[in-house]
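Open the model in your viewer and keep the selection tool at hand. We will go from stop to stop, and at each one you will hear what to select and what is there.

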Amino acid sequence: MIKPYYAVIFTSIRTNDENGYNEMAVNMEKLAAEQPGFLGVESARNEIGITVSYWESKEAIANWKAHIDHLFAQQKGIKDWYTWYKVRICLVEREYDFEKSPEKK
């Protein structure tokens with residue numbers, strides 16, 4: 001049994017403006033990893049991007065949302081990089097996974 005934790009699901013559609021986006025994304029991931037309560041992150045992008053970050057508590061999420069550098073990235077995203085986004089915060093109470101062993105791939 002896992003200890004419940006939170007997932008912040010950031011779903012987005014990008015503009016064509018690439019100026020500084022990749023650098024900011026890398027910097028934000030590094031900065032998030034330094035924050036108390038951060039547990040991890042997963043990300044994928046095609047037409048729609050999905051980034052899921054994992055946190056120990058709602059307080060840790062609120063602190064990250066209010067971090068000055070993250071606030072700057074949010075404002076830049078609204079101004080230049082996204083045509084649409086949605087944020088969902090979910091409590092994860094259960095998880096399971098599957099991984100094929102290397103010899104059976």
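**Stop one: charged partners**

Select K79: with 67% relative accessibility, this residue counts as exposed (exposed means over 50% relative accessible area, buried under 20%, and partly exposed in between, using a 1.4 Å probe and protein chains only). Before you go on, note that this is a predicted model, in which local features need pLDDT of at least 70 and side-chain atom pairs count only at pLDDT 80 or more, while totals for chains, interfaces and linings use all residues. Residues are numbered from 1 along each chain as its sequence is written, and side-chain values use heavy atoms, leaving out hydrogens and water.

K79 and D80 form a salt bridge, with their closest N and O atoms 3.4 Å apart (a salt bridge is a side-chain nitrogen of Lys or Arg within 4 Å of a carboxyl oxygen of Asp or Glu).

K76 is partly exposed, with a relative accessible area of 24%. K76 and D80 sit four residues apart in helix α3 (residues 68-81), so about one helical turn separates them. (Helices are DSSP runs of H or I with at least four residues, strands are runs of E with at least two, and both are numbered from the N terminus.) Show K76, K79 and D80 together, and you have a network of salt bridges.

**Stop two: another pair**

How many salt bridges does the structure hold? There are three. For one of them, select R14 and E18, whose closest N and O atoms are 3.4 Å apart. R14 is buried at 14% relative accessibility, whereas E18, at 45%, is partly exposed.

**Stop three: helix α1**

Select residues 21-33, the 13 residues of helix α1. From first C-alpha to last, α1 reaches 18 Å, close to the 18 Å expected at 1.5 Å a residue (the expected span is 1.5 Å times one less than the number of residues).

Next, colour Y21, M24, M28, L31 and A32, the buried residues of α1. Looking down the axis of α1, you will find them within an arc of 95°, so they line one face of the helix (the arc is that of the directions from the helix axis to the C-beta atoms). On the other side of α1, E23 and K30 are exposed.

Finally, show what the buried residues of α1 pack against: β1 (5-14), β2 (38-45), β3 (49-55), α2 (58-66), α3 and β4 (82-92) (contact means heavy atoms within 4.5 Å).
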